[in-house]
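Subject: Structure handover

Hi,

Here is the structure I promised to pass on. Please open it and keep it on screen while you read my notes below.

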Amino acid sequence: MARHLITSALPYINGIKHLGNMVGSMLPADVYSRYLRQRGHDVLYICATDEHGTPAELAAKEAGVPVEAFCAEQHDAQKAIYDGFQLAFDYFGRSSSAENREITQHFARKLQENGFIEERAIRQVFSVADDRFLPDRYIVGTCPHCGYDKARGDQCENCTRVLDPTDLIEPRSAISGSSELEVRETKHLFLLQSKLAGEVEAWIDATGEEWPQLASSIARKWLTEGLHDRSITRDLDWGVPVPADTWPELAAEGKVFYVWFDAPVEYIGATKEWADQDPANRDWKSWWYEADATVRYTEFMAKDNVPFHTVMFPATQLGTREPWKKVDYVKAFNWLNYYGGKFSTSQKRGVFTDAALELLPADYWRYFLIANAPESDDTSFSWEHFTATVNKDLADTLGNFVNRVLSFSRKRFGDAVPAGRAAGEAEAKLGAQTAELLAEYEGHMEALQFRKAAAALRALWSAGNSYLEEKAPWLEIKTDEEGAALTLRTAMNLIHLYAVVSEPFIPASAAAMRAAFALEGDTAVWVSAEEAKALDAVPAGTPFTVPPVLFAKITDDDLGAYKERFGGADA
Ligand SMILES: Nc1ncnc2c1ncn2[C@@H]1O[C@H](COP(=O)(O)OP(=O)(O)OP(=O)(O)O)[C@@H](O)[C@H]1O
Ligand SMILES: [Zn+2]
């Protein structure tokens, strides 16, 4: 049995996340974690808010609150929404924690000891209008590689290339828009990534083989373009301070580490936060430091985050010369787009997670998003597609099946699962088909192929509908009561199986389906394809209740109202 360490890219603190963030990082990590837990693995799913950096500072300023208070508030607001989405983190931490400060400073000291950090005087962009040095991402201009005119000084969102502010054509301040920029001299720490490039490449050769193509191609592209030394400190108030014991002068000047230096370290920091809550029973080091071969580490993120996770953070880890656990598998996603553009926080485009939960329960979104995850390509969200998926897959195929079977059985046979005749040919065929589809579903989950997994799950639900149509217990009952009872008992067993295996996708509905049957013990434990074949986990005589309608259909009026409210018109 493996121990699975799972992390999803840290959501940034400056605002409520949108559905793109959800499907590109946290949601698939949660689905995968839930699946592995059900299968009996030891799983640790860690995430946190990414709290440092200029955007947080500026957002706090705009809100008129101190940045610490702003982050604390926003962290709680995000956490409440993730609870609403039923994201079952083992721990959801904060990159501004004392634990992360300690580990980040430790990383920096080790890198210094090993000769991978150098102090350099650099000339940095100073905005006269804003009276401050501008961090890279607060300088915007045109990308020299692809011509995108809103490229930031650290990275071009359009072509994902990493940039230096001085690469930008027609640079201007993102704060004031002023182009009155001067270059002034200031000292910073540089991580000598160029010295680590060979090691990173060798590491990718050894581990990157099985990564999805999206992840490995971005990593390779980055290495081919050359791994440059990078400044890892900033002139900001808010961040992990440069430790005074190692760099007294820079510490006195109030320099902090660059947010991209401490954010990935927070995967470790948050694990320590988790352990610090119950030190007698939780051990963070066995996951991260000298972790043995039973620990398998999987990361989830969208494509813009790939270079930092596949190249830069591994370089940092390698440079410490300490045995830190490095990623085994990088599950990378493309963009979820919204009517002609990327979902975007800054441009307030798309559906945000708080609004989504106001409209409909989490399971509707979870299912739709995962079934249409941007795995092999960018994917477009449309309200029509969302409506059709919810109505067809969730309401008609799954929800209706559950309600029809349970209501009809209660009406004819009372509040316990009827016995009826022994299983016959139709049940044997259904059992074989169920086992086959379940094995297919498992295979896709093991391979982290979420769209395919969703399709197999949907097929499993459909198989129940076909069986029910074929046996037609509402006709059968007129001539063969024992046969009708068998059909209903079998269908109820399917409902229970669906409840168990659908849990990673739709946890709340799955729990409601399981709770319909008064069974003893932990009924959420995974059922193997071989066990599923018999369709007899719920024995005759088990008391049951009919749950309220699981999925309400979205009407044409609802659809119209959603499009109106969220601006869902083609650009
Ligand atoms: N449209 C999208 N589709 C899929 N994943 C996305 C999308 N936008 C952002 N992500 C991913 O969401 C995760 C959290 O990102 P983060 O909080 O830093 O927001 P972001 O990337 O700045 O998004 P935005 O630009 O919309 O603010 C990252 O892994 C990021 O790559
Ligand atoms: Zn570009």
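Start with ligand 1. It is surrounded by 22 residues, and the closest are A9, G20, G24, A302 and T345. Keep in mind that this is a predicted model.

Which kinds of residue make up that shell? By class, the shell around ligand 1 holds 11 nonpolar, eight polar and three charged residues.

Which element gives the most to the shell? That is α1, with five residues. Helix α1 spans 19-38, and both α1 and β13 supply at least two shell residues each.

Now follow β13 into its sheet. The sheet is open and has five strands, in the order β3-β2-β1-β13-β14. The pairing is parallel. In general, strands of a sheet pair through backbone hydrogen bonds, either parallel or antiparallel.

Where are the edges? They are β3 (91-94) and β14 (329-333), and each of these strands pairs on one side only. From one strand to the next, the twist averages 20 degrees.

Look closely at one pair. Strand β13 covers residues 295-302 and runs parallel to β14, with five bridges between them. One bridge to find on screen links E299 to its partner V330 in β14.

Last, zoom out to the whole chain. The domain assignment gives domain 1 (3-104 + 260-379), domain 2 (116-252) and domain 3 (391-532). How many Å separate the centres of domain 2 and domain 3? The figure is 53 Å, taken over C-alpha atoms.

Best wishes

Terms used
Residues are numbered from 1 along each chain as its sequence is written. Chains are lettered from A and ligands numbered from 1 in the order in which they are written. This is a predicted model: local features need pLDDT of at least 70, side-chain atom pairs count only at pLDDT 80 or more; totals for chains, interfaces and linings use all residues. Two strands pair if DSSP finds at least two bridges between them. Helices (H or I, at least four residues) and strands (E, at least two) are DSSP runs, numbered from the N terminus. Axes are lines fitted to C-alpha atoms, for helices over the stretch in contact, and angles run from 0 to 180 degrees between N-to-C directions. Domain bounds come from an automatic or database domain assignment. A residue is near a molecule or strand if its C-beta atom, placed from the backbone, lies within 6 Å of it. Ala, Val, Leu, Ile, Met, Phe, Trp, Tyr, Cys and Pro count as nonpolar, Asp, Glu, Lys and Arg as charged, and the others, Gly among them, as polar.
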